[in-house]
Amino acid sequence: HFDTLYKEGASGQGTLTQYTRYLTIALAILQSTTLITVARSGALFGTSGSPECSQLLTNDAWYAIMLMVLTMTAGTGVIMWMGEMVTERGIGNGMSILIFTSIAAQFPNSLLSIAQQRGIDILLIVLAIGLLIVAAVVFVEQSQRRVPVQYAKRMVGKRTYGGNNTYIPIKVNMAGVIPIIFASSLLYLPALIAQFNQPAAGQEPAAWVVWITNYLTKGDHPLYMLMYFLLIVGFTYFYVAITFNPEE
């Protein structure tokens, strides 16, 4: 069904976009409900029952919860609309720009923290490494494989037409940042499930909750890095397989 819509041109693309909007709103409702549920348990920013998390929600009546879910979902809708507007104006991929903006907004505080804790020398090294990474990302993102195409010559009267050589540009990185987003979202699920199973005060957490907390919630753990790498590679192949048909 989706492949048929994709081949229908502008009308099919519009239908797929509408499906994407519905799915986004559904996921926003699910995520907002999950966040509120975790906040009610006092485990949103720490262990269940901790003093800093026990008073996050002062009113847990049903109408207050519905209002919070509606507000979070509406915020997601506004962000989705802003991303579509940026894309339609030809500035670039709207959602990617918004994600980059949210990440870049944290740079000043992060750099200031590095300078205060590690010194100016470490800050300069971090900046140099960051610039090299940005240059490498831009290089790979702009890279393309040019498949040569040669048009056959044809005779019209006494004149010869065609015979030109051109190429079909195929990007090296066709998936962009989509696999990274999918991989990070999937790795967040175990930590979210573990938060729902926090023990009561004075009780020991389950063994699997401890394992997830130790290995799948910290980005500096080797197991987390390995799973993150494998998921990115897998989602890259999957995304390219469903969006690029070499026969077409």
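Leave aside the neighbours within four places in sequence, and Ser 143 touches Lys 171 and Val 172. You'll find Ser 143 in the loop between H6 and strand E1 (144-150). Keep in mind that this is a predicted model. Below is a quick tour of the chain, from its overall make-up down to a few single residues.

**The chain as a whole**
- Starting at the N terminus, the order of elements is α-α-α-α-α-α-β-β-β-β-α-α-α.
- The chain has 248 residues, and 15% of them are buried.
- Its accessible surface is about 18300 Å², with 66% of that belonging to carbon and sulfur atoms.
- Take the contacts with a separation of 6 or more: 44% of them come from residues 24 or more positions apart.

**Annotated stretches**
- An unreviewed UniProt entry carries the annotation "transmembrane region" for residues 22-41, 61-83, 95-116, 122-140, 168-189 and 223-242.
- Look at residues 61-83 in the model and you get a span that is 96% helix and 0% strand, with its end C-alpha atoms 33 Å apart.
- Residues 122-140 come out as 100% helix and 0% strand, and here the end C-alpha atoms lie 27 Å apart.

**Helices H5 and H6**
- Helix H5 takes in residues 107-118 and helix H6 takes in residues 120-142; they pack at an angle of about 140 degrees, and their axes are 7 Å apart.
- That angle is why H5 counts as oblique to H6.
- On the H5 side, the residues that meet H6 are Leu 111, Ile 114, Ala 115 and Arg 118.
- On the H6 side, their partners are Ile 120, Ile 122, Leu 123, Val 126 and Leu 127.
- Sorted by class, this contact of H5 with H6 has eight nonpolar residues, one charged residue and no polar ones.

- Is Ser 143 buried or exposed? Its relative accessibility is 18%, so Ser 143 counts as buried.

**Thr 73, in H3**
- Thr 73 sits in helix H3, which runs over residues 62-88.
- With a relative accessibility of 10%, Thr 73 counts as buried too.
- Which residues does Thr 73 contact, leaving aside its neighbours within four places in sequence? They are Ile 25, Ala 28, Ile 29 and Ser 32.

**Leu 186, in H7**
- Leu 186 belongs to helix H7, which covers residues 178-196.
- Leu 186 has 39% relative accessibility, so this residue counts as partly exposed.
- Setting aside its neighbours within four places in sequence, Leu 186 is in contact with Leu 231 and Phe 235.
- Then there's Tyr 228: this residue and Leu 186 are 42 residues apart along the chain, yet 9.2 Å separates their C-alpha atoms.

Notes: Residues numbered from 1 in each chain as written. Predicted model: local features only at pLDDT ≥ 70, side-chain atom pairs only at ≥ 80, totals over all residues. Heavy atoms only, no water. Axes fitted to C-alpha atoms, helices over the stretch in contact; angles between N-to-C directions. Helix = DSSP H or I, 4+ residues; strand = E, 2+ residues; numbered from the N terminus. Parallel < 35°, antiparallel > 145°, perpendicular 65-115°, else oblique. Contact = heavy atoms within 4.5 Å. Nonpolar A, V, L, I, M, F, W, Y, C, P; charged D, E, K, R; others polar. Buried < 20%, exposed > 50% of the residue type's maximum accessible area, 1.4 Å probe, protein only. Areas by Shrake-Rupley, 256 points an atom, 1.4 Å probe, with all protein chains shown as cover. UniProt positions renumbered as here; feature names shortened; annotations may be inferred.
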